[in-house]
Amino acid sequence: MLNAVDILKERNFLAQCTDEDTLRDLLEKERVTFYTGFDPTADSLHAGHLIALMAMSHMQRAGHRPICLVGGGTGTVGDPSGRTDMRRVMTDDTIHYNCECFKKQISRFIDFNDDRAIMVDNGDWLRKLNYIDLLRDVGKHFTVNRMLSAESYKQRWEKGLTFLEFNYMIMQAYDFLELNRRYGCRLQMGGDDQWSNIIAGVELCRRKKNITVFGLTNRLLTKSDGSKMGKTAGGALWLDPEKTSSYDFYQYWRNIDDADIEICLSLLTYLPMEEVRRLAAAEGRNINRSKEILAYEVTKIVHGEQEALKAQETARTLFSGGISAQLPKIHVTIGEKLIDVLTRSKVLSSKGEARRLIQQGGITLNDVRVTDEYYVLNEIDFLQGIALIKKGKKKHYQLLYGNHSSSEV
């Protein structure tokens with residue numbers, strides 16, 4: 001079996017590592033406990049977290065033990081990394097709820113059976129710390145000059161960095177120290193934007209315990225042009241099917257640029273790299289088959305095989321001009337204005353937005369572009385009580401009237 005470092009390098013995860021050769025030797029000789037942290041800034045993980053989750057999964061498959069750390073403590077402060085403004089301060093109840101949501105989603109990627117992985121909350125120790133003791137015991141190992149040189153702080157310097165956020169690096173470093181004490185954790189992993197925070201934890205462990213621990217960062221999920229991947233017109237691409245349906249999730253990956261196929265296949269699936277390279281080398285119409293495989297594999301990991309098959313079937317049915325029972329459904333009344341239906345069902349946020357989209361040709365009814373913003377639905381629009389609405393090129397909904405027993409979107 002390949003060394004875990006070599007697996008991550010081959011699949012293009014690895015961005016930076018504190019001592020790659022020594023870490024490779026350690027991973028060769030021992031079952032290493034490592035951790036990645038997830039701050040509960042929302043009630044769902046999103047596509048940007050997929051890299052960290054897949055990297056942890058590959059490490060576990062190589063025989064090592066993950067610690068999934070949810071930030072019930074650090075979430076009270078908020079990581080300034082990659083931010084131009086301060087994060088919203090959340091209540092304790094919100095933080096707890098978000099952490100519970102994360103735990104369910106992480107279990108899709110990590111096997112927690114038989115102590116193969118553990119999940120902990122840094123609120124268990126950070127909330128109990130005495131502030132003066134922390135300053136004397138931990139704060140003395142950090143210099144303000146060194147902290148301000150971190151990229152995450154430099155980005156915020158001009159607009160204002162609060163003292164609250166300034167403590168974040170110390171808290172994350174303390175997490176590494178505490179996880180080493182409690183569980184023998186030797187490695188912290190995270191996105192490349194976390195490099196400064198990870199280095200702080202490595203150095204704190206050395207200064208407090210005179211031990212060598214390691215830091216490793218993964219590349220961020222970006223397109224070939226350098227822009228962030230996982231953003232949609234409606235916002236983030238969420239892992240929660242209530243926020244992003246399995247069909248919309250599938251369609252996002254089905255419609256990526258040709259240039260991004262290889263990196264997505266290598267980072268977001270378990271397909272062997274020989275197969276990844278073969279699929280990425282496809283040309284012409286065959287490249288669409290490669291995108292189908294990518295979309296199916298990623299959706300299967302996140303939402304399960306059954307949902308992936310449903311999404312694939314729906315996409316193929318739509319492509320062939322049919323209507324699938326798996327599409328989001330909206331119950332309507334004959335004689336309703338289409339614009340009222342679109343806003344009532346929250347397909348569009350307002351009548352103004354609906355009018356603009358219709359004027360721009362962005363709404364079709366049964367593959368016919370709607371040009372009248374006052375269009376009224378008639379029986380002739382429905383085949384056996386069903387009509388198909390498209391918003392743009394990728395969002396599809398069914399309009400139902402009559403005896404159809406389905407929940408509305």
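Lysine 346 counts as exposed because its relative accessibility is 70%, where exposed means over 50% relative accessible area, buried under 20%, and partly exposed in between (1.4 Å probe, protein chains only). Lysine 346 belongs to the loop between helix 17 (338–344) and helix 18 (351–359); helices (H or I, at least four residues) and strands (E, at least two) are DSSP runs, numbered from the N terminus. The phi of lysine 346 is near 65°, a positive value in a residue other than glycine. Most residues other than glycine have a negative phi.

The model is predicted: local features need pLDDT of at least 70, side-chain atom pairs count only at pLDDT 80 or more, and totals for chains, interfaces and linings use all residues. Residues are numbered from 1 along each chain as its sequence is written, and side-chain values use heavy atoms, with hydrogens and water left out.

Aspartate 114 also has a positive phi, of about 55°, although it is not a glycine. Aspartate 114 lies in the loop between helix 4 and strand 4 (118–121). With a relative accessibility of 73%, aspartate 114 is exposed.

**The chain as a whole**

The protein chain contains 18 helices and 13 strands. Of its 409 residues, 51% count as buried. The chain exposes about 20000 Å², of which carbon and sulfur atoms supply 46%; accessible areas come from the Shrake-Rupley method with a 1.4 Å probe, and for residues only the protein chains shown count as cover. Among contacts (heavy atoms within 4.5 Å) between residues at least 6 apart in sequence, 72% join residues at least 24 apart.

**Buried residues**

Isoleucine 106 is placed in helix 4 (residues 92–106). Its relative accessibility is 0%, and therefore isoleucine 106 counts as buried. Leaving aside residues up to four places away in sequence, isoleucine 106 touches Phe38, Leu45, Leu53, Cys68, Phe112 and Met119. For isoleucine 106 and leucine 45, the separation is 61 residues in sequence and 8.7 Å in space, C-alpha to C-alpha.

Serine 290 is placed in helix 15 (residues 286–303). Residues up to four places away in sequence again being left out, serine 290 touches Ile261, Leu279 and Ala282.

| Residue | Relative accessible area |
|---|---|
| Isoleucine 106 | 0% |
| Serine 290 | 2% |
| Cysteine 99 | 3% |
| Cysteine 185 | 0% |

How many disulfides does a search of the whole structure find? The search finds 0 disulfides, a disulfide being a pair of cysteine sulfur atoms within 2.5 Å. Cysteine 185 is in no disulfide, and the nearest cysteine sulfur, that of cysteine 205, is 8.1 Å away. The sulfur of cysteine 99 has its closest cysteine sulfur in cysteine 101, at 9.3 Å, which is too far for a bond.

**The cavity**

The count comes to 1 cavity of 30 Å³ or more. On a 1 Å grid over the protein atoms alone, a cavity is a set of points where a 1.4 Å probe fits but cannot get out, and lining residues have an atom within 4 Å of a point. Grid points are joined across faces, edges and corners, and a volume is the space filled by probe spheres set on the points. The largest cavity holds about 30 Å³ of space, and its lining consists of Tyr131, Leu134, Leu135, Gly139, Asn167 and Ile170. Helix 6 (residues 131–137) supplies the largest share of this lining, 3 residues. By class, the lining has 4 nonpolar, 2 polar and no charged residues; Ala, Val, Leu, Ile, Met, Phe, Trp, Tyr, Cys and Pro count as nonpolar, Asp, Glu, Lys and Arg as charged, and the others, Gly among them, as polar.

Definitions and conventions. On a 1 Å grid over the protein atoms alone, a cavity is a set of points where a 1.4 Å probe fits but cannot get out, and a pocket is an open set with protein on both sides within 12 Å along at least five of seven lines; lining residues have an atom within 4 Å of a point.
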